[in-house]
Amino acid sequence: MTQTNVKEKKFADLYFGQEKFLFPENIRANSVKLFLETDIPNNKTENWRKFNSKPIFDHNYKLGKKLNFDMSVFDTLSFFEPESNRIVLTNGYYDESASEKKTEDIFIGSLKNAEKKHKEIIKQHLKTKKNKNPDYFSVLNDAFVKDGAFIYVPDNVKLEHPIYIMHFIQSDNGNIFAQNRNLIIAGKNASFKVIHTFHSLSSDFSFNNTVTDIFLDDDAQTEYYLFEGEGNTAAHVSNVNISSKKGSSFKSNVITFCGSVVRNNFHAEFFGEHAEIDLKGVYMPDKEQQVNNFIDISHSEPNCKSNQLFKGLIDNKAVSVFTGKVFVARDAQKTDSAQSNQNLLLTDYARAHSRPQLEIYADDVACAHGSTTGQLDKEALFYMKTRGISEKKAKTMLMNAFLKDVTAHISEGSYRDYVNFLINNRLKGQHPESLCNVKVCPSC
Amino acid sequence: MASVLAGRDLFKVTGGKVDFKGKNLLNLNPEERSREGIFLAFQYPVEIPGVSITNFMRAAVDEQRKHKGLDPMKASEFLRYMKEKKALVELDAKLEGRAVNEGFSGGEKKKNEVFQMAMLEPDLAILDETDSGLDIDALKVVANGVNKLKTKDNATIVITHYQRLLDYIVPDIIHVLYNGRIVKTGGRELALDLEKYGYDEIKKEADKQF
């Protein structure tokens, strides 16, 4: 057996002798087989170019256990509103006592538990769905995942407050590997927001491999906020799959702040006309952090709109990669797609890779894309200094202004304030390793 | 010259010193020069997307006050102060929420420079070709602002190629600069002479002399 094979099997071995997986054995068997055949993505894997998986495979892990969750953690997360619905998972397991359902006409909870009660709807969305983008990590999830969050907002239900999905990694001793599979279903004309956050309560290394499938039925409106707040001794691979039907609107905003290696995959596809998908993101890697945003939007229907805006501040020796793929099928006329990736490099060693990729087969479309990578505007800095503003303050103001067009779109006030608090402190010189600590609390 | 005084690092000063209120300006960086009371109105004001004029001025005024040992202004006090200065230089109220100079017309940019000058109350203001690219109405507003800001304790250097601006900002002293030297100095009547006879005579005389 070669060295690579040992690495590839590594995560499968952790599950030896385990039971109670999310997917039934007959489906799992295929996934396990596929997993064992799939290579770890390397620099030659087109969709994963520039992704360095070494930090993930350099560690040995054990599976995280279900632990007693300390509810006082909520007090330190200032965006958290107690009157909202919440699903709490620790090390990938549903925590019933920490989760709470506040609204009558929605269904939230553990995906594993929901299988009995919502058999039809889950079958419709989960079991019949083949993995269209079978990369190493998503297949690993298919094969061995045990639980995750389930949200079903039925037709015409509109929620005022957000629904939280909060993941906590907590080690009792040693490095933790955790997986979760989340399913979010928006019924016809439903409207709600999800705030999906990841935190780490311990300082051992952890790797969280997560898949979230989101389905929007006709005219549904969903806002999805993803926050990567696991500490700097964490690796995180997230796969978000979005399916949008006629007239629906999906807006997401991903903030990547912490983590030694973070990969955010967004696969989005339209299944009806006049739908809109808007993906935004901010990343601020420092030191040796690596942030990788991969987006793949498939315009298979006409008259749909997609937008991507990703902005990064890259400090020290950090590396960022942005890949934005847009596919427009021959029949997807009147597609309106825009993409922008902007990076500011704060040091001579920081690196940003930006890879816009458009594949267009229709002839009546508007597809704009732009990518800029540079330093802070020296003319603007000089101008500010001639008004007496110190260099440090001027830089902070310019960086804040740079990120503002992304963060200003966060419609949930308390969460926006939390993000801005972290950004402001980061720009004032605090490093992610201190800010990613859950105990950092703006309001207490 | 204006850029050297304000401290732009594009230029290297090879000799001499700049004495300002007993300090050598060349030893100070741009922000320190500003806090000492130097103000440069840019020929081409820079656009700063995402930074509102209010926030920009707030930061600048706070730093100036800190230098003088004063506490930052309260928000309400600051807004009142800003309103007062805006009226003085006839700056359009709708501009204040906008990002600094972003999408401003040439005239708006120059008005914004004079507005900042009013806010910061410098001892020495340098207006670098402030008349370039201005129509006559904007020119009047800018000139008016400069005139109103004149006190017995401050000074303004206006750098221009044209007499036109001097119809509105009446100078006390005129220096003619040629090849990096002051070749002639006079009162306000010098400008009228120059307008009439051109620079040729002065140039010839200067070439002979140096």
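A few ground rules come before the details. Because the model is predicted, local features need pLDDT of at least 70 and side-chain atom pairs count only at pLDDT 80 or more, while totals for chains, interfaces and linings use all residues. Residues are numbered from 1 along each chain as its sequence is written, and chains are lettered from A and ligands numbered from 1 in the order in which they are written.

Chain A comes to 11 helices and 20 strands, where helices (H or I, at least four residues) and strands (E, at least two) are DSSP runs numbered from the N terminus. Its C-alpha trace spans about 70 × 55 × 50 Å along the principal axes. For 444 residues, a compact globule would have a radius of gyration near 22 Å, and the 21 Å of chain A agrees with that. The radius here is taken over C-alpha atoms, and the globule rule is 2.2 Å times the number of residues to the power 0.38.

Within chain A, helix α2 (residues 25-37) packs on helix α7 (residues 136-144) at about 145 degrees, with the axes 8 Å apart. Axes are lines fitted to C-alpha atoms, for helices over the stretch in contact, and angles run from 0 to 180 degrees between N-to-C directions. The crossing of α2(A) past α7(A) is left-handed (near helix turned anticlockwise from the far one by less than a right angle; clockwise makes it right-handed). On the α2(A) side, R28(A), S31(A), V32(A), L34(A) and F35(A) meet V139(A), L140(A), D142(A) and A143(A) of α7(A); contact means C-beta atoms, placed from the backbone, within 7 Å. Ala, Val, Leu, Ile, Met, Phe, Trp, Tyr, Cys and Pro count as nonpolar, Asp, Glu, Lys and Arg as charged, and the others, Gly among them, as polar.

Chain B has 8 helices and 9 strands. Its radius of gyration is 18 Å, close to the 17 Å that the globule rule gives for 210 residues, so chain B is as compact as a globular protein of that length. The C-alpha trace of chain B spans about 60 × 40 × 35 Å along its principal axes. Chain B is divided into domain 1 (2-165) and domain 2 (171-210), with bounds from an automatic or database domain assignment. The C-alpha centres of these two domains of chain B lie 27 Å apart.

Helix α5 (residues 106-120) of chain B packs against helix α4 (residues 75-88) of chain B at about 130 degrees, with their axes 9 Å apart. That makes α4(B) oblique to α5(B) (under 35 degrees is roughly parallel, over 145 roughly antiparallel, 65 to 115 roughly perpendicular, and the rest oblique). The crossing is right-handed. M82(B), K85(B), K86(B) and L88(B) of α4(B) meet F115(B), A118(B) and M119(B) of α5(B), giving 5 nonpolar, no polar and 2 charged residues.

Helix α3 (residues 53-67) of chain B also comes within 10 Å of α5(B), axis to axis, crossing at roughly 30 degrees. This crossing is right-handed. M57(B), A60(B), V61(B) and Q64(B) of α3(B) contact Q116(B), M119(B) and L120(B) of α5(B), with 5 nonpolar, 2 polar and no charged residues.

Finally, the contact between the chains takes 16 residues from chain A and 19 residues from chain B. On chain A, α8 (378-385) and α9 (391-407) each supply at least two residues of the side touching chain B, and α9(A) gives the largest share, 6 residues. That side of chain A has 7 nonpolar, 3 polar and 6 charged residues.

How values were computed
Two residues are in contact if their C-beta atoms, placed from the backbone, lie within 7 Å.
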